[in-house]
Amino acid sequence: MVTRTVDLRSDTVTRPTEEMRAAMVTAEVDDDVLAHDPTAFLLESEMAKIMGKEAALFVPSGTMGNLISVLVHCDIRASEVVLGDNSHIHIYENGGIATIGGVHPRTVKNNEDGTMDIHSIEAAIRDPAGELLFPTTRLICLENTHANSGGRCLSVEYTDRVGEVAKKHGLKLHIDGARIFNASVALGVPVHRLVQAADSVSVCLSKGLGAPVGSVIVGSETFITKARRLRKTLGGGMRQVGILCAAAVVALRKNLSKLEGDHKKAKILADGLNQINGLRVDAAKVETNIIYFKVMEYSRMTAERLCKYLKDHGILVIYEGEFRIRIVLHHQISASDVQYTLSCFQVTNLAHMHIHLCVY
Ligand SMILES: Cc1ncc(COP(=O)(O)O)c(C=O)c1O
């Protein structure tokens with residue numbers, strides 16, 4: 001019988017804390033489309049300041065934050081964006097930049113660490129002399145941390161170099177910073193410095209920070225004015241949105257300090273998994289709160305069956321392919337949850353478990 005649930009599917013699964021719920025109950029609100037909701041204004045002002053940008057805008061999701069940002073930067077027909085072939089925008093956002101925005105994606109290979117080679121980025125930028133034939137490159141997108149690479153951090157040096165390339169060619173730089181605070185904490189670089197080279201950043205409130213809903217985009221006053229209008233176009237203008245922003249303000253003020261703990265727990269879990277016969281994690285590459293691990297073929301176990309075994313023990317993870325599983329740490333996973341998870345894996349080695357699972 002399952003005695004507890006350890007939900008490691010994503011850092012989006014957190015439930016609002018009591019303090020967030022209390023803040024939502026008492027939030028001062030107004031119509032954020034007619035006027036400016038005061039609690040939304042508070043959140044946006046705090047976020048703009050932390051990120052070192054002129055202005056900010058609350059949006060319902062990271063997907064909408066990225067879409068609005070790309071569309072603001074690429075507001076002329078036949079615009080092209082250079083972005084990673086393994087980036088969230090390219091893979092998991094329904095191709096919205098193309099289907100809704102008419103923006104042409106030009107992908108560059110993402111390396112294992114989430115970077116794209118600088119010379120490949122530069123080579124992907126269209127020669128304006130060929131504009132009769134080519135789309136016009138207007139934007140470069142980075143993702144920090146890079147989710148599909150296992151939460152790897154892009155360094156400030158790398159980001160600055162991409163920023164220089166963008167400037168040299170008259171382009172804008174957008175960062176999908178769904179987990180930018182994780183990167184800032186892991187690198188020990190203030191977040192405003194990390195995104196200094198960017199013209200816009202989309203920051204998720206509902207991931208590591210633990211708010212129930214929303215993202216914030218930051219940039220110049222002009223960028224945010226255009227973004228506000230596009231948010232309305234996309235149906236993201238919300239009336240008494242301060243109810244949601246109140247929880248996000250608590251998340252921003254209280255949960256940033258918890259990210260370091262999430263990273264430490266991820267390391268403990270990664271090291272522990274590595275010691276289990278039949279599993280393999282490149283623990284040195286676990287820089288933040290995401291772990292991808294392999295179920296080795298010799299273990300005669302598949303990821304699917306291992307996920308089922310874990311689920312039967314209350315441990316929820318994400319199946320990522322026949323031999324690959326994803327785990328994400330967040331502030332509602334305790335040290336004891338980590339130990340419980342490891343103990344479930346450790347019960348026996350996987351080869352033995354294979355026999356066990358066949359019997360039952
Ligand atoms: C790197 C990255 N960017 C953007 C998003 C989109 O955020 P949302 O789910 O709020 O639309 C996610 C969500 O998982 C993400 O991991």
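Visitor: What should I know about the numbering and the pLDDT limits here?
Guide: Residues are numbered from 1 along each chain as its sequence is written. The model is predicted, so to speak of local features takes pLDDT of at least 70 and side-chain atom pairs count only at pLDDT 80 or more, while totals for chains, interfaces and linings use all residues.

Visitor: In which order do the 4 strands of the open sheet come?
Guide: Strands here are DSSP runs of E, at least two residues, numbered from the N terminus, and helices are runs of H or I, at least four. Two strands pair if DSSP finds at least two bridges between them. The edge strands, pairing on one side only, are strand 9 (279–280) and strand 12 (318–319). The pairing is antiparallel, and the order is 9-10-13-12.

Visitor: Which residue in strand 13 is the bridge partner of Tyr 319?
Guide: Strand 12 and strand 13 (residues 324–328) run antiparallel, joined by 2 bridges. Tyr 319 has as its partner Ile 325.

Visitor: Which residues of helix 11 does helix 2 meet?
Guide: On the helix 2 side are Pro 38, Thr 39, Ala 40, Leu 42, Leu 43, Glu 46 and Met 47. They meet Gly 242, Cys 245, Ala 246, Ala 248, Val 249 and Leu 252.

Key. Contact = placed C-beta atoms within 7 Å.
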